[in-house]
Amino acid sequence: MIKTRLEEGEVDKKIVEVAKDERCDLIIMGADKKSWIKKILGKNVVEKVINHAPCPVLVVEA
């Protein structure tokens with residue numbers, strides 16, 4: 001089943017929160033190639049979701 005929700009807040013924290021609330025089996029995220037400065041500053045939402053997700057995360061290149 002696919003469900004749509006609209007949430008406010010920090011993106012990575014909301015994705016993980018909703019995945020827990022909905023008891024998701026999988027999170028699918030798109031990611032583009034980020035500049036090295038963004039990686040150093042820790043602004044990679046995908047990485048944060050992977051580290052805190054309650055289920056597997058599939059990342060596809062966008």
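Predicted model: local features only at pLDDT ≥ 70, side-chain atom pairs only at ≥ 80, totals over all residues.
Before I start, one definition: a residue is called buried under 20% relative accessible area, exposed over 50%, and partly exposed in between, with a 1.4 Å probe and only the protein chains considered. By that rule V60, with a relative accessible area of 41%, is partly exposed.

Residues are numbered from 1 along each chain as its sequence is written, and side-chain values use heavy atoms, with hydrogens and water left out.

Let me stay with V60 for a moment. This residue sits in strand β2, residues 57-61; helices (H or I, at least four residues) and strands (E, at least two) are DSSP runs, numbered from the N terminus. Together with L26, I28 and L58, V60 makes a nonpolar surface patch of about 350 Å². Patches are built from residues with over 30% relative accessible area and no salt bridge, joining like charges within 9 Å and nonpolar side chains (Val, Leu, Ile, Met, Phe, Trp, Tyr) within 5 Å; the accessible areas come from the Shrake-Rupley method with a 1.4 Å probe, and for residues only the protein chains shown count as cover.

Leaving aside neighbours within four places in sequence, V49 is in contact with D12, I15, V16, I27, M29 and V57. The C-alpha atoms of V49 and I27, which are 22 residues apart along the chain, are separated by 9.0 Å.

In the loop between α2 (36-40) and α3 (45-52) we find N44, which is buried at 17% relative accessible area. The side chain of N44 reaches the backbone nitrogen of V46 at 3.1 Å.

Finally, the charged residues. Side chains of opposite charge can pair when their charged atoms come close. A salt bridge here is a side-chain nitrogen of Lys or Arg within 4 Å of a carboxyl oxygen of Asp or Glu, and by this rule the count comes to 5. One of them joins E22 and R5, with the closest N and O atoms 2.7 Å apart. Because E22 lies in the loop between α1 and β1 and R5 in the segment before α1, the pair ties together parts that are 17 residues apart in sequence. E22 is partly exposed at 31% relative accessible area, and R5 is partly exposed at 36%.

E7 and K14 also meet in a salt bridge, at 3.8 Å from N to O, as do E10 and K13, at 3.5 Å from N to O. In that last pair, E10 counts as partly exposed at 48% relative accessibility, whereas K13 is exposed at 51%. Salt bridges that share partners join R5, E7, K14, E17 and E22 into one network.

Technical notes
Polar contact = N/O pair within 3.5 Å; in protein donor to acceptor, adjacent residues only side chain to side chain. Contact = heavy atoms within 4.5 Å.
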